[in-house]
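The model is shown first.

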Amino acid sequence: MGWSRLHGLFAVYKPPGLNWKHLRDTVELQLLKGLNSEKQFTPQEHIRFLLAPTEGSERKELTLMATNVPVLSEHPLVRGPNYTSVKVGVGHRLDVKSSGVLVLGVGHGNKLLTDIYNAHLTKDYTVRGLLGKATDDFTDEGRLIEKTTYDHVTQEKLSRILAVIQGSHQKALVMHSNLDLKTQEAYEMAVKGLIRPMCKTPMLITGIRCLQFAPPEFLLEIQCMHETQQLLRRVVHEIGLELKSAAVCTQVRRTRDGVFTLEDALLRTQWDMHSIQKSIQKVTPRVEAELKKYQTVGPAQRDLVGHPAS
């Protein structure tokens with residue numbers, strides 16, 4: 001019963017400073033512990049004829065007597081654990097410095113990870129920036145390259161730059177989708193936010209806005225696809241340049257990956273078999289609905305383009 005309920009996708013919360021490989025290994029180990037401790041060993045018995053003292057005999061004579069003896073060949077100390085390995089797949093990865101929603105797959109869920117990847121679903125991030133300095137790796141921990149002033153930077157100027165970024169990326173999304181928005185069907189798909197690129201593309205930002213502005217700090221919300229966390233840090237750096245200042249990224253946190261949100265992400269204390277089983281059961285209907293929508297939209301978009309996706 002334990003393994004039969006461990007097929008699907010679930011999300012965990014990756015804290016900053018933890019490598020995704022170590023996280024995956026920890027989850028695999030916890031699942032193995034849960035699976036191997038689920039069924040307690042109850043030894044079977046068989047009848048053996050053993051020598052035993054004859055009752056009532058003063059000379060201590062021995063005779064063969066039928067005795068129930070446990071069969072130890074199935075004992076865990078003899079046979080070993082029922083499960084020795086569990087493969088946990090990792091979806092869109094997070095680098096060491098980043099935190100947030102990380103989707104994992106177990107059992108048949110490993111195939112679903114491929115289906116989710118091919119669906120080109122968007123992800124949400126909150127990204128913190130710090131004005132006034134630039135570093136070699138775009139983070140506040142990198143080697144300092146320069147310091148700048150930022151007194152002239154206003155939230156209005158920042159919002160204008162964010163609008164330009166979003167507009168340019170939306171044009172790129174339409175270009176990579178190979179759709180002609182002059183057609184009614186394509187226009188309706190664009191309004192509903194259903195347009196997807198026809199293949200792997202550079203990072204595409206489908207939405208970006210400022211959540212907080214308290215110089216020198218600011219907080220952005222970014223909706224994107226095909227990103228890496230380092231590319232998001234570069235965006236903060238480029239925003240600083242556009243503001244005629246400089247900026248570094250102090251935090252990258254993924255708040256949504258496709259249908260998975262922070263509410264779905266299991267904390268470290270919940271990385272056990274029963275919590276993971278419950279999470280899989282909870283999110284499976286949403287995953288199936290999203291993939292079904294993609295299976296409907298994908299062919300429709302390819303029909304509008306007039307040739308299959310590459």
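The sections below cover the basis of the analysis, the nonpolar cores and the salt bridges.

## Basis of the analysis

The model is predicted, so local features need pLDDT of at least 70 and side-chain atom pairs count only at pLDDT 80 or more, whereas totals for chains, interfaces and linings use all residues. Residues are numbered from 1 along each chain as its sequence is written, and side-chain values use heavy atoms, with hydrogens and water left out.

## Nonpolar cores

In soluble globular proteins, nonpolar side chains tend to be buried together. A nonpolar core is here a set of buried Ala, Val, Leu, Ile, Met, Phe, Trp, Tyr and Cys residues joined through side-chain atoms within 4.5 Å. Buried denotes under 20% relative accessible area, exposed over 50%, and partly exposed the range in between (1.4 Å probe, protein chains only).

The largest nonpolar core holds 46 residues, of which Phe10, Val27, Leu31, Leu104 and Ile239 touch the most other members. Helix α1 (residues 20-37) supplies the largest share of this core, 6 residues; helices (H or I, at least four residues) and strands (E, at least two) are DSSP runs, numbered from the N terminus. When residues up to four places away in sequence are not counted, Val27 touches Phe10, Val88, Leu104, Trp271 and Ile276, contact being heavy atoms within 4.5 Å. Another core, of 15 residues, lies apart from the largest one and has Ala119, Val259, Val283 and Leu291 among its members.

A salt bridge requires a side-chain nitrogen of Lys or Arg within 4 Å of a carboxyl oxygen of Asp or Glu. By this rule there are 13 salt bridges.

Asp124 and Arg256 form one, with the closest N and O atoms 3.0 Å apart. Asp124 lies in strand β6 (residues 123-131) and Arg256 in strand β11 (residues 247-257), so this pair ties together parts 132 residues apart in sequence. Both residues, Asp124 and Arg256, are buried.

Asp137 pairs with Lys97, the closest N and O atoms being 3.4 Å apart. Asp137 is in the loop between β7 (133-135) and β8 (144-147), and Lys97, 40 residues apart from it, is in the loop between β4 (88-90) and β5 (99-106). Asp137 is partly exposed at 21% relative accessible area, and Lys97 is partly exposed at 42%.

## A pair within helix α7

Lys293 and Glu290 meet in a salt bridge at 3.7 Å, N to O. They are 3 residues apart in helix α7 (residues 273-305), and are therefore separated by about one helical turn. Lys293 is partly exposed at 39%, whereas Glu290 counts as buried at 17%.
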